[in-house]
Amino acid sequence: MCPFDSFKKKKDKNDVRPIGVPEPLYKIVGLLWLDKTDPAAKKLLRGIQFGGNFAAGAEALARLFQIEIETSPHGEILKLDLRNFFNELCRGMIVDDAELADPLFALYVAGLYGEETTYVYDPANTDARHFFDTRWGTVQGDVLSARLAALAILPAQRKLFSILRKKYPQALFSAGPPPENEEKIAEACTSRLSAQDKEELHELISSLPNMEEILQDERRDSGSNSHGLQPEHVHISLRAFVDDQTVKVPRLLSEKVERLLSILFRSTKTEFTPAKTL
C-alpha cells in the first residue's frame, strides 16, 4: 500500500497524480537492479533513449540535434509528448518488456507491478479516507520508473525504424546500431495492436511516399538543383527523453510519421498530445 497526500486544489481523484512512498529497502534494491541491468539497457536503448537513468542524457540529446541541424539541414523536427504517460502506461507492457534487459529483472518487476496497487487518498479538512486500486502506470518515487518506461516503449520505437528502414533503405538513420533482434522487439509492438489498428497501420504504410517524391519535395523546399540532394542525404531520426519523442524527418514524411507513432504507441495504451514543429 502506498499512501499519498493530494494537492489541495485538486478535487477530482482522476486529476491527482499519486505520489508513492516506497520503503527504503525497495529503493536500495531498485538501485541495485539499475546497476545490474545498465549494460543491457544501454545496448538496447542507445541512439534512441536519452532518459531512463542515463547520465547527462538531456545534454547529449540537445547536442546531437544541434549537430544534425548544422550538418543535415533538410527536413523538419517534430516534438511529441505522451499525455499523462507515467500514469497511463500499461503495466503488462512494463512487466513484459523488462525481460528485454534481463529475465530475472522481469520476475522482480512482476512482483512490483503484476498486481493492483492500492492508494490511500486523504482529502484535506476531513476525517474521511478513500482507497482505490490501479493496474496502470508506475509509482512515483520508484527509482526504476524511467528505466521501465523506456523499455516498455522500445518495441514501438523499434517498429517505427523497422518500417522506415524497409521503405527507405538508402536513407541515413540515426537510431544507434540496431540490435540483432530488432525485428523480434518490433514484433512485440505489432502483436499488441488491435485488428483495427493493424489495418490502419497497413494502409498508412502503403501510402508512404517513395524516395523520389521525398527528394523532389526537399529540392523544391530548399531550392537545391536537381542533383544536389541524394537518397543518402535523407535523414530520419527519433530520439527520446523517456516520454518526450523528438523526430527529424523529411517534410513530406512529417505528418505520416506522426500518425505512425500514434498508432504504434497504442500498443502501450498511451496517447500523444498534438505534435509541435520546432
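Leu 80 has Gln 245 of β7 as its bridge partner. This is a predicted model. Strand β7 covers residues 244-249, and five of its six residues are buried.

**Strand β7 and its partners**
- Strand β2 (residues 76-81) runs antiparallel to β7, and six bridges join the two.
- Strand β6 (residues 235-241) also pairs with β7 in the antiparallel sense, over five bridges.
- Within β7, Thr 246 stands opposite Arg 239.
- The hairpin of β6 and β7 has two residues between the strands.
- Val 242, in that hairpin, takes a positive phi near 55°.
- In a regular strand, side chains alternate between the two faces of the sheet.

**Nonpolar core**
- The largest nonpolar core holds 65 residues.
- Phe 105, Leu 164, Tyr 168 and Leu 261 have the most contacts inside this core.
- Helix α6 supplies the largest share of the core, 13 residues.
- Leu 261 touches Leu 80, Leu 160, Leu 238, Val 247 and Phe 272, leaving out residues up to four places away in sequence.

**Helix α8**
- Helix α8 spans residues 195-206, twelve in number.
- From first C-alpha to last, α8 reaches 17 Å, close to the 16 Å expected at 1.5 Å a residue.
- Which residues of α8 are buried? They are Asp 197, Leu 201 and Leu 204.
- An α-helix has 3.6 residues a turn, so residues three or four places apart point the same way.
- On the other side of α8, Ala 195, Gln 196, His 202 and Ser 206 are exposed.
- The cover over the buried residues of α8 includes α6 and α10 (254-264).

**Trp 136**
- Trp 136 sits in the loop between β4 (130-134) and α6 (145-167).
- Is Trp 136 buried, exposed or partly exposed? Its relative accessible area is 43%, so Trp 136 is partly exposed; the partly exposed class lies between under 20% for buried and over 50% for exposed.
- Beyond its neighbours within four places in sequence, Trp 136 is in contact with Asn 87, Glu 88, Leu 89, Cys 90, Arg 91 and Lys 269.
- The C-alpha atoms of Trp 136 and Tyr 113 are separated by 8.8 Å, and the two residues are 23 apart along the chain.

Methods:
Residues numbered from 1 in each chain as written. Predicted model: local features only at pLDDT ≥ 70, side-chain atom pairs only at ≥ 80, totals over all residues. Heavy atoms only, no water. Helix = DSSP H or I, 4+ residues; strand = E, 2+ residues; numbered from the N terminus. Buried < 20%, exposed > 50% of the residue type's maximum accessible area, 1.4 Å probe, protein only. Contact = heavy atoms within 4.5 Å. Core = buried A, V, L, I, M, F, W, Y, C linked by side-chain atoms within 4.5 Å. Expected span 1.5 Å × (residues − 1). Pairing = 2+ DSSP bridges.
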